[in-house]
Amino acid sequence: MKRLWFLFLFSVSLLYADTALLIHKGWQLIGSSSKITDMSVFAPAHVEQVWHYDAVTQKWKGYSPDTAVAKKISDKGYGTITALESWHGFWIKSKDEWVLTLPTENGSSDENITLQKGWNLISLPVDTVVSPHIFDGKTVWKYANNQWEFFDNSANENFPTISHITNSDGIWVKSNKIQTISTATDAAKLHNFTSQKEMEAYIRDMLLTDRRVVCGYFPLTALRSPAVADTGAMGSADAAKNATPAFSQEAAQESSQTNVQEAGVDEADIIKHNDHAIFFLYRDNSTSQRAKIGVTTFAEILNGKTKPLTTITPHGNPDELYLSGEKLIVISPYNFTWDIPENPAPGEIDQLKRENEIPSFIVEIYNIKDLNAIQKLHEFKIDGYVQTSRVVDSKLYLVSQFNPTIRRDYPRIYVDAPECQTYFYGDGTVPSEPDVVEGGGSGGSGGSVPPPVKDERAIVANDYKKYARCYGLMVDEKKKFYRLDYDHPNIISENLIPKVHIDNTTEKALITPETLYASDKKDQEAVITTVTKIAIANGTIEESASVLGYSNTVYASPKALYIVSDKYPIFYSFEHFKSRSAIYRFTLGDNLAYNAAGFVNGTPLNQFSLSEYNNTLRIATSEGFSWQNNTVNSLYTLKAIQNNLVIQGVLSGLGKEGETIRSVRFMGERGYIVTFRQTDPFYTLDLSDPAHPKKAGELHIDGFSSYLHPISRDLILGFGRDATPQGQALGLKLELFDVSDFAHPVSIDSYTLPGNYTRSEIEYNHKALAYRDSDKLFAFAYNMNEGYRYTSDYLGIFQIAQNAIKVYNPIQGDQNGYSIFQRGLIFDMNGETYIAYFSNGTIKYRKLQDTGVLQ
């Protein structure tokens, strides 16, 4: 089999690469996101003439490196081009194929395009790829691949429609007024589609654009050997299988529930209960690939039953549970191998593989009214992955992500490039089979890669432009150079739309053109994030709404769900980079729909970085890099006004140099933020006036909190790490803050668990905490170590009493090493308080009054 070799880039002597664009022979309409101040880049050996239309003066300007042609331009009264701005489009007539190279230090730091009334010849001022919808309400023409393309919402022309605009495209735009277009902000706004065809074409083009090696200008660095072409593309889930047990009907009181961020918004967890029955995840052994759901009751635990009384075996590999009334909801990733029968028929495995080549997950709804006869009512198999979920008012809201796929190849464009043969092979002789270095690659999937170019032919700073045309070249079986024609892909197969299979009988599309909203920024992952609403009572999918684009943080209040994407930086080059996030708001309740969008600088840490209060969104973000000492930590308040999340107020300057946000908590009109690099500034924030958020107080201590839990209005409990004054993280630490004097918060107690390598899920998952507000009793599992080896697991038991952290003797588990599926439960029965420890199917419990106190 012939070997596929990858061409890759590596840095030589320059920190930042130049950008380059392949220019073809003849007329082309192009642009540049870098300002061109030296017109000598248009050398007489390659260029005959350059033209730009000045929209302000409504006149043409020209340039030619040929003095005779330049004189003709001047004699005819045309102005002379002395420089081209980063947003200027221009016509160029070339004598041959060559590469335009521009230094990145001329990159733009302005995202805006100012359109004059009438015709404008422009280009994108930043390195991005956008949809022509960014110019909605205007007429746009683009000349590419020797043909005109057209876009206008209100008119039809007998020309191909513009699919996207790159940083190298010059475009004509006709505007009916003077206005400014932001290539960052306007490109992030969402729009839906009018037809299935339009929607699929948009997804297809976004996917192809994101996967292209070259789309417009490319970074020019040193080259290695050219690539060599490769010429070689309803399972049953039985419930309650055990013998019918005799379940006790006695109920628990004052039992701890899943620790959630917002009241009225339930979150999935690995254990759920209804004060009678308990459902929890576990695996039979450490080698088992699938989890099961154990079922027991509070009363049976006190009867000494340390194992599940019965089990539920879902269709998939369950990792999230909900309880809603008499319904158990199970969310599981799916693997088709679990549906392979013991003795498959010939071809049956291949058929299952083909049917399930798209990753999917399963949602199952069980009736658990009678624990002796648990019944599965509904099953939904949905394409993609679960990102998160919520339950509000007996409605399940699933947030899933689907990655469209496409198999394609590209036509070859053969080139005569003698300089590349000289560069790659030195003496001009192409070896029949170059030596191969086995192992790594640059972004490939392993396998073989070509050896590096010999040192004497390595490109250095003073001659690399000479070989710019060699970028992206490949070699065929006859050792001839060619490049791939990315503008004309051959589509082999594609899966563009996520589907849902309902109860193994019905299949339908999960999204529709009317409910899929896409941004105009196309150079990002073509992932579809979908919010699906399922009525738990009758097991029906009621609505869905989707965003085409990457999302990294999800937050839900009782009224709205917010999706945050960090793929919208202000500038699009390394030295002109400033992170920015787009926020999309979806209403919950009777009508699930996209509602508004807004933007903030920086990126949020997690869901606790957002909070909605009195119709105002608060979001805390960090931007910059600690290693560059240029971090900025800020808090924004935003309000939905006519489909826009409008910033009401900003508070910046939180944290010292190089510090980033480590935890956030909002409580009504108050907020708390922890930043860290060496010490832990704990900030109290006054948010009573959304237009003027302000810092009320701060406290500096060693270490940091990664999760903040409200004990009362005046007490905040932090879970995180102790640290040295130099910032070296130490053991797992609990810190109790007194904020009764809001301007002067103080630490009134702390406790550090033994062992610098002790770890707990509480550091990154708030649901690991079992907390009971009535007596401030709480518990969480942790794993201790000896040296670097985890040796034992525990359930730590604590209480906030008399403004101090009371530490009880922990419950030790039976696991050898790092355990999974660990949770604690606190409950009362028969007038006593109990703490139960669930650790991968084993249950231990202890009466609180029999638990000794350590501190």
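**Overall composition and local features of the predicted model**

The protein exposes about 36,200 Å², of which carbon and sulfur atoms supply 47%; accessible areas were computed by the Shrake-Rupley method with a 1.4 Å probe, and for residues only the protein chains shown count as cover. The model is predicted, so that local features require pLDDT of at least 70 and side-chain atom pairs count only at pLDDT 80 or more, whereas totals for chains, interfaces and linings use all residues. Residues are numbered from 1 along each chain as its sequence is written, and side-chain values use heavy atoms, with hydrogens and water left out.

Of the 855 residues of the protein, 55% are buried (under 20% relative accessible area, with exposed meaning over 50% and partly exposed in between; 1.4 Å probe, protein chains only). The secondary structure comprises six helices and 60 strands, taken as DSSP runs numbered from the N terminus (helices: H or I, at least four residues; strands: E, at least two).

An open sheet of mixed pairing is formed by five strands in the order β24-β25-β36-β37-β35, two strands being paired if DSSP finds at least two bridges between them. Its edge strands, β24 (385–392) and β35 (516–518), each pair on one side only. Within this sheet, β25 (residues 395–402) and β36 (residues 528–535) run antiparallel and are joined by eight bridges. L396 stands opposite I534 in β36.

Elsewhere, the loop between β9 (118–122) and β10 (139–144) contains G137, which counts as exposed because its relative accessibility is 61%. G137 and K174 are 37 residues apart in sequence, with a C-alpha to C-alpha distance of 9.4 Å.
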